[in-house]
Amino acid sequence: MSDSVIERLASARIVPVVEILDANRGVELARTLADAGLPLMEVTLRTPAALNAIRAIASEVPGFLVGAGTLLDPGSVAAAITAGAHFGVSPGFTPSLSRAAGDGGLPFIPGAVTASEILSATESGHRHVKFFPAEQSGGASAIASLSAPFAALGIRFMPTGGIRPANLNAYLALSSVFAVGGTWIATRDQIDQGRFDDIGAAARLAVATVAAGRDA
Ligand code: 3PG
């Protein structure tokens, strides 16, 4: 795992997770998020436009960190690499996914919510995992409990699923959480309808919420 990608995720604290229906929206979305203080996002490969959006953002928005999410098989890992994704995320973990990312030099964050899944990921060298779906899997208290036995291995979590301004600081208060992700900042409809003012406002509110939590 590239330390610099993890450092950038950890420094942003929040990773917008987005679903893009029209690839032409990607660049403006990236610029809107960057202007609001979030120069990064995970584009889920749930739409046919996702790879073209990643390609455009990676080439047209310098300094912006764009990841590919919903990586479900080695083929989608390869497609993400070809499109120029800077990192990859999966809701789960398999050795072949991990190998495809490693062979292609793609920093990769697999999903793991149980002790056994976390251990499997560590066997492939991972120390950073996505905890999805976070709220439904026990939320911040589940992560706190899981963190204790895995502290010696240095496991750190990126929860997503059900995270909103009201609960994000409960996650970020845990030292084992390096960032949180979610779709609330830029929803599929907001992106598709070009509601970039709303997206910018949600991103700024999220950044301010994290700052307030840090100062509390
Ligand atoms: C993901 O892929 O990480 C989730 O869909 C995010 O969940 P959310 O929509 O509840 O933020």
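**Close-up views of a predicted model**

**View 1. Ligand site.** An oxygen atom of the ligand is 2.8 Å from an N or O atom in the side chain of Lys-130. For Arg-46, a side-chain N or O atom is 2.5 Å from an oxygen atom of the ligand, and a polar side-chain atom of Thr-160 lies 2.7 Å from a ligand oxygen. The protein covers 85% of the 310 Å² of accessible area that the ligand has on its own (Shrake-Rupley method, 1.4 Å probe). This is a predicted model, in which local features need pLDDT of at least 70 and side-chain atom pairs count only at pLDDT 80 or more, while totals for chains, interfaces and linings use all residues. Residues are numbered from 1 along each chain as its sequence is written, and side-chain values use heavy atoms, with hydrogens and water left out.

**View 2. Shell around the ligand.** Residues surrounding the ligand (a heavy atom within 4 Å of it) include Val-17, Phe-132, Gly-161, Gly-162, Arg-164, Gly-182 and Thr-183. The shell divides into two nonpolar, five polar and three charged residues, with Gly counted as polar.

**View 3. Helix α8.** Asn-167, Leu-168, Tyr-171 and Leu-172 are buried in helix α8, residues 165-172 (buried: under 20% relative accessible area, 1.4 Å probe, protein chains only; helices: DSSP runs of H or I, at least four residues). Seen down the axis of α8, the buried residues fall within an arc of 145 degrees (directions from the helix axis to the C-beta atoms), so they line one face of the helix. They pack against β1, α7, β7, β8 and α10 (strands: DSSP runs of E, at least two residues; contact: heavy atoms within 4.5 Å).

**View 4. Val-77.** Val-77 lies in helix α4, residues 74-83, and is buried, with a relative accessible area of 0%. Not counting residues up to four places away in sequence, Val-77 touches Leu-71, Leu-97, Ala-100, Ala-101 and Leu-106.

Definitions and conventions
Buried < 20%, exposed > 50% of the residue type's maximum accessible area, 1.4 Å probe, protein only. Polar contact = N/O pair within 3.5 Å; in protein donor to acceptor, adjacent residues only side chain to side chain.
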